[in-house]
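Q: I have a model open and would like to learn how to read it. Where do we begin?

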Amino acid sequence: LGLAACGGDSGGSDDGLVIGFVQVGAESAWRTANSESVRSSAGEDDRIAELKFIDGQQDQAKQLEGMRNLITQRVDAIVLAPVVETGWTEVLEEARDADIPVLLADRSVEQSDEDLYATRLGSDFVEEGRKAGAWVTEEFADADGTAVLELEGTVGSAPANDRKAGFYEVLDGEGFDYDLLDSQSGDFTAEGGKEVMEVFLQSHDPEDVDVLYAHNDEMGLGAIQAMEEAGVEPGEDVRVIIVDGSAAGFQAGADGKVDYIVECNPVFGDQLMDLAVDVVGGEDVDKYVPVEESAYGPDEFADELPNRQY
Ligand code: GZL
């Protein structure tokens, strides 16, 4: 009866479910906090017997291999945080054929795979981009031809694609007069952000740059380091927008180096465990479950800093 209650002959037992978690990697403070949240929630939840954690090392091949291992081990459910949006159909079909439900955590996969996973718990990345765009159109409302530099996240990832889409949806939608000087991927890492900003500064005079839109804190902080090494004042010479809301990001804001922070919340482990138990138990769940998040301006950074959870 216990096995039936756990949804079939999979790895579950009377003492709880066995959940596989295929994580993107460990590229950012956001990601580390997300892994910590999922691990601790699973560990504290007596409905969960084991969380089998797989570090994808930002490599889709490693994620695919991990998913296939979990299918062979017949876990009760697989949670996938897909590093990129495409290339998942085959393995998702293999999980379906093995009667193992898949939940998406954080990032999404392409629309055509929608019937192959039970739900996605994560942020609305387009809305995050819209928030960043709205700040720019407001802050530079009276300017002519606002010059933008963009540091994009991992090529092909949902947050990079959607944070870009939302940002320009607002800038273009309002007929805002701007000039995108350059846009390159820093792969969501601090090193990537620093390297790309160094290249930007070799081909663009900071005097001609109004704002940097970085798709995550790490790349924004790396870019700030590159600016300071080049004698450019972040937050003064070049305004800076970052997305995530780590303590380091808020500290940079409190130090006047960041102008706007769009929050992306990684702390959703409890919500994820509830969803996994519901899905394995055959409960109906929404196809998309949003994570609550906000955005912060300069007058809020210092007060909010102590509240940051990572
Ligand atoms: C967004 C998440 C992104 C973060 C980055 O939900 O996928 O990946 O914004 C992380 O910091 O690398």
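This is a predicted model: local features need pLDDT of at least 70, side-chain atom pairs count only at pLDDT 80 or more; totals for chains, interfaces and linings use all residues.

Q: What span does helix 5 reach from its first C-alpha to its last, and what is expected?

A: The expected span takes 1.5 Å a residue. Helix 5, residues 125-139, has 15 residues and reaches 21 Å, close to the expected 21 Å. At its start, a side-chain oxygen of aspartate 124 comes to within 3.1 Å of the backbone nitrogen of valine 126.

Q: Which residues have the most contacts inside the largest nonpolar core?

A: In soluble globular proteins, nonpolar side chains tend to be buried together. Here the largest nonpolar core has 43 residues, and Val136, Phe167, Ile241 and Leu272 have the most contacts inside it. Helix 10 (residues 269-280) gives the largest share of this core, seven residues. Leaving out residues up to four places away in sequence, valine 136 touches Ala141, Phe167, Leu171, Phe176, Val211 and Ile241.

Q: How does helix 2 pack, and against what?

A: Helix 2, residues 29-44, has 16 residues and reaches 22 Å from first C-alpha to last, close to the 22 Å expected. Among its buried residues are Trp30, Arg31, Asn34 and Val38. The buried residues of helix 2 pack against strand 1 (17-23), strand 2 (48-55), strand 9 and helix 10.

Q: Which residues come nearest to the ligand?

A: Of the 13 residues around the ligand, Glu27, Asp106, Arg107, Arg163 and Asp244 come nearest. To read polar contacts, look at the distances between atoms. A polar side-chain atom of aspartate 244 lies 2.6 Å from an oxygen atom of the ligand. For arginine 163 the distance from such an atom to a ligand oxygen is 2.9 Å, and for asparagine 216 it is 2.9 Å. Taken alone the ligand exposes 310 Å², and the protein buries 100% of that.

Conventions
Residues are numbered from 1 along each chain as its sequence is written. Side-chain values use heavy atoms; hydrogens and water are left out. Helices (H or I, at least four residues) and strands (E, at least two) are DSSP runs, numbered from the N terminus. The expected span of a helix is 1.5 Å times one less than its number of residues. A polar contact is a pair of N or O atoms within 3.5 Å; within protein, one must be able to donate a hydrogen and the other to accept it, and residues adjacent in sequence count only if both atoms are side-chain atoms. A residue is near a molecule or strand if one of its heavy atoms lies within 4 Å of it. Accessible areas come from the Shrake-Rupley method with a 1.4 Å probe; for residues, only the protein chains shown count as cover. A nonpolar core is a set of buried Ala, Val, Leu, Ile, Met, Phe, Trp, Tyr and Cys residues joined through side-chain atoms within 4.5 Å. Buried means under 20% relative accessible area, exposed over 50%, partly exposed in between (1.4 Å probe, protein chains only). Contact means heavy atoms within 4.5 Å.
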